[in-house]
Amino acid sequence: MLTSHPAPTAPHPPEPAVPPHGPTHRTTGHLLLVGAPGPRRDRLTATLTTTGHTVRHAAPGDVADHVGQAPPDAVVALGPAPDGAGPDDPAAPPDACPALDVVREIRTVPAGRALPLIVVGAADVAAVLRHGADDCVPEASAPAELAARIEAKLRRVPVPVENLLLDPRTGLYSHRHFRAELDRELRRPEGGRGGGALAVVAVAEMAALEARLGPRVRREVAERLAGVAERLGGACDRFGWDEDGQLLMLLPGVGEDAARRALERFATTVAGTRFVVADEHVRLTPAIGWLPLAACPDADRGPRLAADAATEGLRHRDLRPVRHAAWMRGAEHRRPRRTLGSLLRPPLSALSPALSLLLGVGVPYVLYRQTHALGWELGSAMYWVVVAGLVLSALLIVVECLFSLDADERPEKPGAPYPPASAVIAAYLPNEAATLVETVESFLRLEYPGELEIVLAYNTPHPLPVEDTLREIARRDPRLVLLPVAGSTSKAQNVNAAVTRVRGEFVGIFDADHHPAPTAFRDAWHWLSNGYDVVQGHCVIRNGDSSRIARLIAVEFEAIYAVSHPGRTRLYGFGLFGGSNGFWRTDLLARTRMHGSMLTEDIDSTLRALGEGARFAVDRTLISRELAPTTPTALWNQRTRWAQGWLQVTLAHLWRALRSPVFTVRQKLGLFVLLGWREVQPWLTLQILPVLLYACWRAGGPTHLDWAVPVGVLATLLTLSAGPVQALFARRLAVPEIRRRTPWFWFYFAVSTVLYSHFKNIVARQSHLKEALGDRQWRVTPRAAAQAVARR
């Protein structure tokens, strides 16, 4: 027992007065009590609770999950019962102390490395302390002693993290020590270094999390990210964090392609994981900036350059690692010089219709004549190639129509109870202010048995009056969540920002002019709960009376969504997401995201999800009504973007898909037709002209040709019949409101046979030239109530 001593003679500062019974308050905290359920754990819980602590439980073996998800302030582990087998039992193995297993489990988790750990009733105190416990207390100890020991651990003065090589809680290098590691790597001879990369990981949701949960959340987020990187292993073996709480990653000895793949895998895994941060379930969007070590100037500037690239990644939120480039903020660079391509692009784009005729007609005609002079009948052979191509295209359309008659039907009952669901409306306000309020009100009238939230993710260059109206609606109905996305320039960025904020188990994605049917979300869940990951609905035009263009598109959409999509899905074994009226499992969408650099981000996301093995369904009874373009200019701009976007997807995914083991032979055939043949067919049909010109030249004039060749006549008739056949099937399978508009179908029948098909081929060839010239401008046309332009 300690006794008091006389005060020393040397003067001392006055000490604060302490009450005779101890401090006026105790240090209490959140404790994790580890032990098997039973009377012993109940008694210890009561003791800890009466001393002012909050207690939650974990069984041995489950400690890592509890510590990793929501780290407590301290861990109390209950040792074996006095009559249980322990180290003193000759029949037990040397390390048969359950308390040792708990200690090892806690100390191997990054979040548990620095937690105070007290073992109650340890069989071998020395072994438990050697393996990482901070204290051992006999089970018969008085409650006051146990409480005092816990409080002493909670009050201990920590060593500043910057003074440690590794942060004991997160397992990360401090910023100063990470720079030292990076400098050591950079000082190695480049030949012996074997490549390497430096990456900085920012989190798009960090500002919102810090505003809501406080600055400590940065450390927790860095810890969660490091845990994911450690589980993945691979190229990255050193982690740190900078002054802004961003994760630093050093990938030594890897090439640029391997580094990019490792970072992509890390980003996808993080985005597809639900984390517990400050006792909240959150999704995180990593934005990764990186640069090769060969391009890293030094250990001080290198992380700053990677951070600039991460800032660029935050704009897109599409999970793609961004390699640092000289034009990024904070970089030293000169103004880029104007290249010959940038100077030639405007005039060539303006002349692209004439250029396509030159490339598609003039060059082949000259080639046919030159090869004829050499004794090769390339022109005659090309005639049969064109005939076969036209016949094949027509037959594929007819087969799709036949398969559409027996399309898969929606399951009658859901496979699970209706979960929370979310609708995401992506909008660009200046383009959609006239229709947005009407759209939001239609969503608030939806009928869904579970919880449904409507997230309006929008961007606008300047405030608009419609925002005040929307805020008033949100105050009136809390189901509406307004999500302005600062700095966004695309629908993809709006959707990417929304997917981490939604609460639903599945998400419906819509453009700002869509009015889904009242039961749309209920019907979509019938598919998703029965084994599917994505379901695409039927988009119906609701402004067909506006113009002849709108009527044409109204019937065309029935041919697409009621005939082609269901028929192709049944024929080839996979569906497509068409950009709107599509429903995704939230976890899949969080991993896939949308890439704003793609003009058809919907098809791109489809191919990437299919490559992961996702199942896509198409349901023509899952209705949403939208607006169609009403002018030729708006239609031209829309279809040019679609065609160029399909070309981008083909270039990015076709070869990879044909080599992928994920797809079956049947699916690969479908992908070749959907992507490859789609891009060849517009140029193949154009070969009719040079082939005919060559034939006239050889025959001595058009009057000397035999125009009634049976094969040519039959091929022409079959080709011309494909459009009317598709129109007939569309008439049969269309929704009632379109089916009863018989004149619309006659109009489509007449126009689509030659004129509209020719128009779409011209658009496709034009888009190929635009892509080759690097012209990827997205021309937006405003929507209005009377004169509307659709935006996919």
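Reader: How many helices and strands does the protein have?

Author: The protein has 27 helices and 20 strands. Helices (H or I, at least four residues) and strands (E, at least two) are DSSP runs, numbered from the N terminus. This is a predicted model, in which local features need pLDDT of at least 70 and side-chain atom pairs count only at pLDDT 80 or more, while totals for chains, interfaces and linings use all residues. Residues are numbered from 1 along each chain as its sequence is written, and side-chain values use heavy atoms, with hydrogens and water left out.

Reader: What is the mean pLDDT of the protein?

Author: The mean is 83, and 84% of the residues reach 70 or more. Here pLDDT is the predictor's confidence in each residue, from 0 to 100.

Reader: Where is confidence lowest, and where is it highest?

Author: Confidence is lowest in α12, at a mean of 58, and highest in strand β19 (residues 582-585), at 98. Over residues 84-96 the pLDDT falls below 50, and this stretch has seven contacts in the model beyond near neighbours in sequence. A contact means heavy atoms within 4.5 Å. Residues 159-165 also have pLDDT under 50, and the model gives them 16 contacts beyond four places in sequence. Where pLDDT is low, the predicted coordinates should not be read in detail.

Reader: What share of the residues is buried?

Author: Buried residues make up 52% of the 792 residues. Buried means under 20% relative accessible area, exposed means over 50%, and partly exposed lies in between (1.4 Å probe, protein chains only). Among contacts between residues at least 6 apart in sequence, 76% join residues at least 24 apart.

Reader: Changing topic, what is the strand order in the open sheet of eight strands?

Author: The order is β15-β14-β13-β16-β19-β18-β20-β17, with mixed pairing. Strands β15 (480-484) and β17 (515-516) stand at the edges with a single partner strand each, so one side of each is left without a neighbour in the sheet. Two strands pair if DSSP finds at least two bridges between them.

Reader: How many bridges join β19 to β16, and how many join β19 to β18?

Author: Strand β16 (residues 506-511) pairs with β19 over four bridges, in the antiparallel sense. Strand β18 (residues 534-541) is joined to β19 by three bridges, and these two strands also run antiparallel. Within these pairings, Gly508 has Phe583 of β19 as its bridge partner, and Gln536 stands opposite Gly582 in β19.

Reader: Next, salt bridges. How many are there?

Author: The count comes to 35 salt bridges. A salt bridge is a side-chain nitrogen of Lys or Arg within 4 Å of a carboxyl oxygen of Asp or Glu.

Reader: Which residue forms a salt bridge with Asp619?

Author: Asp619 forms a salt bridge with Arg410, with the closest N and O atoms 3.0 Å apart. Asp619 lies in strand β20 (residues 616-626) and Arg410 in the loop between α14 (378-404) and β13 (421-428), so the pair ties together parts that are 209 residues apart in sequence. Asp619 is buried, at 3% relative accessible area, whereas Arg410 is partly exposed, at 26%.

Reader: And which residue meets Asp545 in a salt bridge?

Author: The partner of Asp545 is Arg741, at 2.9 Å from N to O. Asp545 lies in the loop between β18 and α19 (548-572), and Arg741 in the loop between α26 (736-739) and α27 (742-773), so this pair ties together parts that are 196 residues apart in sequence. Arg741 is partly exposed, with a relative accessible area of 30%. Elsewhere, salt bridges that share partners join Arg410, Arg522, Asp523 and Asp619 into one network.

Reader: One last topic: backbone angles. What is phi at Arg317 and at Leu319?

Author: Phi of Arg317 is near 55°, a positive value in a residue other than glycine. Leu319 has a positive phi of about 75°, and Leu319 is not a glycine either. Most residues other than glycine have a negative phi. Arg317 lies in the loop between α11 (301-316) and β12, and Leu319 is found in the loop between α11 and β12.

Reader: Is Leu319 buried or exposed?

Author: Leu319 counts as buried, at 7% relative accessibility. Arg317 counts as partly exposed, at 21%.
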